[in-house]
Amino acid sequence: MRTIAFVLLLLSFTSNGLAQKISKKEAIFDLEYFNKLLLEVHYNPFLYCSESRYKKESKQLIESLHDSVNTKIFTLQLSALTAILGDAHTSPTIIQSVFKSDYAKPLFLPIAFVADEKMHLFSNGKLNSDIIPAGAEILSVNHISISKFYKKAIGFSGGEEAYKKAIATRMLSYNLYLSGLKAPFIIDYRFKGQHLKKRIEAGTSLGKLIKDVFPNIAGKPFEFKVMENKLGYIQLNTLEGNYEPYMKFFDSCFSVVKRNGIRAVAIDIRKNTGGNSINADLLLGYFNKSRYNLSGIKNWKISQAYKDLLISNGDTANHYLQQLNNSIWKIGDCMPKEPRYISPDLFFDGKVYLLTGPITFSSANMLADGVKKFKMATLIGEPTGEKTTDFGESYHLILPNSRITVSISTSLDEGVDCKSYSNQTVIPDLLIKTSHLQLIANEDPLLSCLLSLAK
């Protein structure tokens, strides 16, 4: 099982808002506290970045701090610092509980963005299309160049370039909020050859802003529908949580499929950032009876800090607790295993498609890797958001002064090919890219293709 910082999205709505300014001394303490734990719990923080470079960037961050440090800006600074490690699991969490009191307020720029290949930003029309039309190129907001800010925001995330760009695009309004952007919003944009300007007095809430990006946070962990009476479409937006809701959901999906004689099923994990890989095993039991695995060997760093976290969460029986501190615990092997679960009554032997994209991440990436390796389904879409061998098992901490929540990887999981340093993302069998124009027009070329293939 791999976890990711997105698990804390849910937690972020349960804490009280706290002070949003700290002293320079407090900020330095937080940074040094994080760096100490980074060395203690991370499997290998300098796998993709030299230690000397990281230390240099840390020093430069300290030197840039003012006597009074805004914690929103500090969050972005920490994001940029951790991004150079190349590990998207190690970073401040995307949504922060320290700013929770702002989340329901209309403080956020009410534009959902898409980007083209030249890094121009456009409104996709899903928020306030009556104010800023779909397809309008956003040039600036309050005199901030949106294209320049987007290029900077790409550097707030680690990981693969496509993942970094996808997160930067989808979270642009939130990052602008962290940078200090406030209403009223003076928006310069270009639409149908005209250069226009619009003033928006108030913004939108964070929930409305990200509900399409992370539907799991909006209470939609999964959905199912039958399309044109021939394609069962499962939108699986997360793998977080216990297995019971997934069992019930998958049962309901494949019951409808069987009852209606449907011979093609599409499983969409393009918005799935991971969670509990056991739920992926559960899904596979509805259409696979052959031996497989979703990863090779897990290399897990043993630390007292992670042991303390397990104990505080009530996980006192975990075998991790029996391992020697500062050692590497190797778990598993590269041999395919019997399926953990098979559903004999609802087993589906028709055509299965798995839809992937640049935000397919963590345990969802493991699912894609295993499905392709063992030919359990046909992959369609764009490459996934991380390498098949990547970090996981996040250690979560709250920095003492700023109260910023940060995640640190503790393990390195090898992909199913068992190559310790595989530089390969999961490449679909059928590559289909969704262009920014298709996103603006609300067109989905993957589903259009599958509907033409389904019988």
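Glu 228 is exposed, with a relative accessible area of 55%, where exposed means over 50%, buried under 20% and partly exposed in between (1.4 Å probe, protein chains only). Glu 228 forms a salt bridge with Lys 230 at 3.8 Å between the closest N and O atoms, a salt bridge being a side-chain nitrogen of Lys or Arg within 4 Å of a carboxyl oxygen of Asp or Glu. The model is predicted, so local features need pLDDT of at least 70 and side-chain atom pairs count only at pLDDT 80 or more, while totals for chains, interfaces and linings use all residues. Residues are numbered from 1 along each chain as its sequence is written, and side-chain values use heavy atoms, with hydrogens and water left out.

**Salt bridges**

- A search of the whole structure finds 22 salt bridges.
- Lys 230, the partner of Glu 228, counts as partly exposed at 21% relative accessibility.
- Lys 387 pairs with Glu 160, the closest N and O atoms being 2.6 Å apart, and this pair links distant parts of the chain, 227 residues apart.
- Lys 387 counts as buried, at 14% relative accessibility.

**Packing of α10 and α12**

- The axes of helix α10 (residues 277–284) and helix α12 (residues 363–373) come within 9 Å and cross at roughly 35°; helices are DSSP runs (H or I, at least four residues) numbered from the N terminus, and axes are lines fitted to C-alpha atoms over the stretch in contact, with angles running from 0 to 180 degrees between N-to-C directions.
- The residues of this contact (heavy atoms within 4.5 Å) divide into 6 nonpolar, 2 polar and no charged.

Note on methods:
Helices (H or I, at least four residues) and strands (E, at least two) are DSSP runs, numbered from the N terminus. Ala, Val, Leu, Ile, Met, Phe, Trp, Tyr, Cys and Pro count as nonpolar, Asp, Glu, Lys and Arg as charged, and the others, Gly among them, as polar.
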